Amino acid sequence: MPSKEAFPDIPKIPYEGPDSKNPLSFRHYNPDEIVLGKPMRDHLRFSVVFWHTFRNPLGDPFGVGTALRPWDDGSSSIENARNRVRVAFELMEKLGVPFYAFHDRDVAPEGETLRETNGNLDEVVAVLKEEQQRTGIRLLWGTACLFVNPRFVHGAATSCNADVFAYAAAQVKKAMEVTHELDGAGYTFWGGREGYTSLLNTNMKRELEHLGRFLQMAVDHKKSIGFDGQFYIEPKPKEPTKHQYDSDAAACLNFLREHGLLDHFKLNIETNHATLAGHNVEHELETAIAADALGSIDANMGDELLGWDTDQFPTNIYQTTQVMLRVLAAGGFTTGGLNFDAKVRRESFEPIDLVYAHIAGMDAFARGLKVAAAIREDGRLREFVKERYSSWDSGIGAQIESGKADFGSLNRYMLEKGEVAPNRSGRQEYLENIINEFI
Ligand code: XUL
Ligand code: CO
């Protein structure tokens, strides 16, 4: 811990139960509580992000940052960066969060050259390592920031400039090595500026091929350094570019399949990215699960009335319930977790707001987990869906599924039968009411 605490008035946040009126307590997140045979801690695998929580000044296009962060001297010195790491671990310890995530450039400043930048990163990574050992908090995933620096103006792996591709490769190589050194459970590729704004200046086919080659190089490097963390691709449809190549889960899966990379990547699904793509998060999760590719979740939420990536802390219990229903159905996380890729509002500028925000997100997900577990134990929802598809379990349905039918046999079957068996109601409102019963 830093010699002087950054959050001196914040205790370790206790679980006090649903009746607690203490805003610095959990009312639902009780890490040791067993839900469906497993402690909540292991179901939820919460993670704090370094970028929003410790580097976001809370500016918007119309105004400067408002965040008060008294521990940060505002400089890009290594000392400030190292101290910030200690503050981050103080907060995570007080919240009882088991994981964190970072971009290389969140934690350490860039230097004049790549060599100097790598040296800066090493100096800060030494403190990350120390703090991990001191607290037992682990790295959920690391990543490289390939979108802030102006050199990436045209993209990184999809830049028109081959030198930029080379720089990005060197940067990812280092970020992967650092993640490996910190025993990270995963490594994420979010396509930042991998996309385009105008086709008038873009060779899309060439850019896509370059991206495929880049990811293949990452797979090769992973093997060569013996890093066995999970690779994730994080879909997002827009912001910063108009057309992102990794726009949604289906697009990412298709890209990976086309480039022979599907065995090496899973998806990191972010709620607000799903909604920007015109989907809801459960659709994106279901798409990933159907391809056996759900890896991790960037847990946040958007605003229904705003069309941009507001990255709000997830407090909507209907949504956290939907997410946890999918996570439970998929058998839970293995390497992934619920990573709060979320920032406090510009108006919530005090340090204590960081604490309230994480408590709110953790409690909303703990409650979502309990509701989802109760819905599963009740079984009515699952039974309904099972029954809805029962015509596939025997007879003609089973023949189709097992590949024993063809157009000829189906034609004979239907000519003999004359008309289909009557359809049954989908009962959507009845089912929505069951969800409400548990919330
Ligand atoms: C951007 C975003 C990123 C990734 C990591 O919208 O979600 O922070 O999670 O680069
Ligand atoms: Co994210």
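**View 1. The shell around ligand 1 holds 3 nonpolar, 2 polar and 6 charged residues.** Here Ala, Val, Leu, Ile, Met, Phe, Trp, Tyr, Cys and Pro count as nonpolar, Asp, Glu, Lys and Arg as charged, and the others, Gly among them, as polar. The model is predicted: local features need pLDDT of at least 70, side-chain atom pairs need pLDDT 80 or more, and totals for chains, interfaces and linings use all residues. Residues are numbered from 1 along each chain as written, chains are lettered from A and ligands numbered from 1 in written order, and side-chain values use heavy atoms, without hydrogens or water. Around ligand 1 lie Trp51, His103, Trp141, Trp190, Glu234, Lys236, Glu270, His273, Asp298, Asp309 and Asp341, each with a heavy atom within 4 Å of the ligand.

**View 2. Polar side-chain atoms face oxygen atoms of ligand 1.** For His273 the distance is 2.9 Å. For Trp51 it is 3.2 Å. Asp309 also places a polar side-chain atom 3.2 Å from a ligand oxygen. Taken alone, ligand 1 exposes 290 Å², and the protein buries 94% of that (Shrake-Rupley method, 1.4 Å probe).

**View 3. Asp309 sits in the loop between β11 (294–298) and α11 (317–329).** Helices (H or I, at least four residues) and strands (E, at least two) are DSSP runs, numbered from the N terminus. Asp309 is buried, with a relative accessible area of 8% (buried means under 20%, 1.4 Å probe, protein chains only). Asp309 and Thr275 are 34 residues apart in sequence. Their C-alpha atoms are 8.9 Å apart in space.

Technical notes
A polar contact is a pair of N or O atoms within 3.5 Å; within protein, one must be able to donate a hydrogen and the other to accept it, and residues adjacent in sequence count only if both atoms are side-chain atoms. Buried means under 20% relative accessible area, exposed over 50%, partly exposed in between (1.4 Å probe, protein chains only).
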